[in-house]
Amino acid sequence: MIEALILAAALSDAPLADAGMEARAQILMREIRCVSCENEPISQSASEIAGDMRHLVRMQIKDGASDEEVRTYFAARYGDFVLFRPKVSGGGAFLWAFPFALLLWVAGALFMAMRARKNRNKPALSPIKDVDHENDI
Amino acid sequence: MIELGHISVFLAMAACLASAIFSVMGKSQETNRAMLFAMGATTFAFFVLVRAFLGSDFSLELVVNHSHSLKPVFYKFAGTWGNHEGSMLLWCLITIAFGTVAVCVMRPSELKTKAIGVQGGLAFLPLVYLLFASSPFTRLETAPFDGSGLNPLLQDPALAFHPPFLYLGYVGFSFVFSLAAAGLILNEVGPEWAKRARPWALFAWSCLTIGISLGGIWAYYELGWGGWWFWDPVENASLMPWLVGAALVHSIIVTQKRGSMASWTVFLSVLTFCLSILGAFLVRSGVLTSVHAFALDPERGRLLLIGLLLVSGFAFSLFAWRGPGLKAGSEFDPISREGALILNNLFFSVAAATVLVGTLYPLAMEVVTGDKLSVGSPYFDLTLAPLMGVLFLAPPIAQAMTWRAASLSPVLKRLIVAGALAVAAGVAGFILLAGKLWAVFGVAVGVWLIAGTITDLIKRLGEGGLSRLPKLSLSVWGLTIAHVGLGLFVIGAVVETNGRIERTFAMAQNEVVELGNWSFAFNGVEGVEGPNYYSDKASILATNGNRKTELTPEKRYYPASGMPTTEVAIRKSFAGDLYVALGDPIRGEKTGWTIRISINPMIDFVFGGVSLIAIGGFLAFAGQRRKRASPPSTETVPAE
């Protein structure tokens, strides 16, 4: 029984005939988390279940599923935990927006501060053109 | 002997506390002496532990759990810090060592006394933790005949040196923290303070760079996955202080040269060490489930968290008290070297915040809503790649700008050649990488960085030309080498990630498979016996035209700890590394082995680039040290 499972796991790693489909499957396998390992995508795990999950990804791609459909399939069975790419909807919205919102907010604040300084009508500053100052960082 | 080591840790703890108290009382001699005494006591304790490991003293619980009499001597030695308790002792030793170096090299001043006192406090806390929650000197009632060995994954030269360098980085920032705290207490944060703090920051950051890259190199050839960075929470924990440290080694230049950004620089100085402790907490508490969190212990986690709160609470209170009163420094135009370095800091900080939020988000969601979710490489790739892509466009422009105010047109005119080269590289990349846009952008950015940095070097040489090369300061060399290294790293990282081809094969004996331009013939597997392991060793003949090379990946089994490891076989070739890992045997209809083969292009650019960044950091450090040795009169800032 166990041998049969190992065989199934090993054989399921046969790549898909269509190179484009195989490439998509490879990317998805790097984004789906092995459920029996610690923090490993199924593409990297040597565990049996990861082999089965890889097989499932390939079968679905072969049957014409879109990337999103494959993700939804796994999330429905194992929960959002299985997706290394958090969903943009719901709890993931903050996560995805955070870096860019923070960047814009701080950049905006810096810009306002600069403008406020400029509005104070200070005399224009001149560059420092001192060679020693330049070369001695 | 063991008990003497244990006692000397108590003595070190008392000495550190004494050093902090003397410092508060303003007694500089006594503060220094207490620190030196702590150094002696901790060194002795560490030596006792090393000796126990080398001599396989199995009356010590730690040695039993992490060593074995048959282990090679080198790994017995490295095993001293290859475990939680030993690594905490190393943390304490390095904290005190930085304090001791400061005692020896810093000119006597109030800043020195205060900083060494704070350092004493920073050493006192982990010593208390070591003695009461994770003592390495616990004896067993009856000594077993042999130990259970070190995790075989960790028996590796790169990983033997990974923790010491990582800790030199993490803990190196502790003295930057101490200087920041002392500067705030004395209200002395300004150009002179920055000049004194800068070598420490550069040294710690360079060590951290080496520590992280050793981890990446190890992951590349030991884990058998072919990758070098996995966005694992533990890796993220080390990346956060690195990113903030990178911001710090840039902002501190502005504070030193122009007196500006003083409060921001001091904030970063404090934050970097707090993030280092946060990293230790995340790794050691096991609060983030991850492949690396080998020491799962909630009690220890809680104590580390209390330590983090004490340290950060102390520092941020100081900051809240003194921060608003700090001098604003010289004025500058938004378009200037200062302005460019502020943008640098903006991007590094947002990147660090993104890593922090991404790493802690699953934990926060689970606590708040009970939902379990994962944040992995797709998130970090998609958010950090654009941030870093934009950031890495800046150095050539920033380097060409003058301080205080600059005009963009001469700067851009000077960089026309570099820009043209970058565009050309982008076009070449577009053809070679089959139109992967991110990768194309990455290659162009890398070439831009290298060409722009060399343009800057040529400008600095001036009319003297190449004859002036030996006259350039070490700081200029540091800057040049680090930024060229960054460019090489960017090129290597995007080409490797996008151009890697990998496949897992189920191969029977004598079967031949093709990958890339190579064919791989599987000649079977033989059993081999090593000093403390058994091994299945495969023989695979790789052929490409006239070129032939034999690859022998292994799967090792260490009976002492019952764990298998993969030993991948790697051959350098023009197209990249041939990388072969042996999987499991297949039985049944088809007998054979699963074998994973990949071709990783330009992987050496990744590790070589990071090494250059670290070398650049060390050169800049040496440049700062040399400058401090010469009279300070050359450092005058021109009149406003």
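Analyst: This is a predicted model. Leaving aside neighbours within four places in sequence, Val443(B) is in contact with Ala425(B), Gly426(B), Gly429(B), Ile491(B), Val494(B) and Val495(B). Val443(B) itself belongs to helix H17 of chain B, which runs over residues 437–461. Val443(B) counts as buried because it has 26 C-beta neighbours inside 10 Å, where 20 or more are required. Ile603(B) is 160 residues away from Val443(B) along the chain, and 14 Å separates the C-alpha atoms of the two.

Next, the nonpolar cores. The largest nonpolar core holds 190 residues. The members that touch the most other members are Ala12(B), Ala38(B), Val176(B), Phe177(B), Ala201(B) and Leu243(B). Helix H8 of chain B gives the most to this core, 18 residues in number. For Leu243(B), the residues touched, not counting those up to four places away in sequence, are Phe348(B), Ala351(B), Ala352(B) and Val355(B). Another core, of 22 residues, lies apart from the largest one, and its members include Ala506(B), Ile540(B), Leu551(B) and Leu582(B).

H8(B) also takes part in a helix pair. In general, two packed helices are described by the angle between their axes and the distance between the axes. Here the partners are H7(B), residues 157–186, and H8(B), residues 191–222. Their axes are 7 Å apart and the packing angle is about 160 degrees. H7(B) is therefore roughly antiparallel to H8(B), since angles over 145 degrees are classed that way. The crossing of H7(B) past H8(B) is left-handed. Sorted by residue type, the contact of H7(B) with H8(B) consists of 24 nonpolar residues, six polar and one charged.

Chain A can be described briefly. Chain A has six helices and zero strands, and its pattern along the sequence reads α-α-α-α-α-α. Of its 137 residues, 26% are buried. Among the contacts in chain A with a separation of 6 or more, 47% are between residues 24 or more positions apart.

How values were computed
Residues numbered from 1 in each chain as written. Chains lettered and ligands numbered in written order. Predicted model: local features only at pLDDT ≥ 70, side-chain atom pairs only at ≥ 80, totals over all residues. Axes fitted to C-alpha atoms, helices over the stretch in contact; angles between N-to-C directions. Helix = DSSP H or I, 4+ residues; strand = E, 2+ residues; numbered from the N terminus. Parallel < 35°, antiparallel > 145°, perpendicular 65-115°, else oblique. Left-handed = near helix turned anticlockwise from the far one by under 90°. Nonpolar A, V, L, I, M, F, W, Y, C, P; charged D, E, K, R; others polar. Buried ≥ 20, exposed ≤ 12 C-beta atoms within 10 Å, placed from the backbone. Contact = placed C-beta atoms within 7 Å. Core = buried A, V, L, I, M, F, W, Y, C linked by C-beta atoms within 7 Å.
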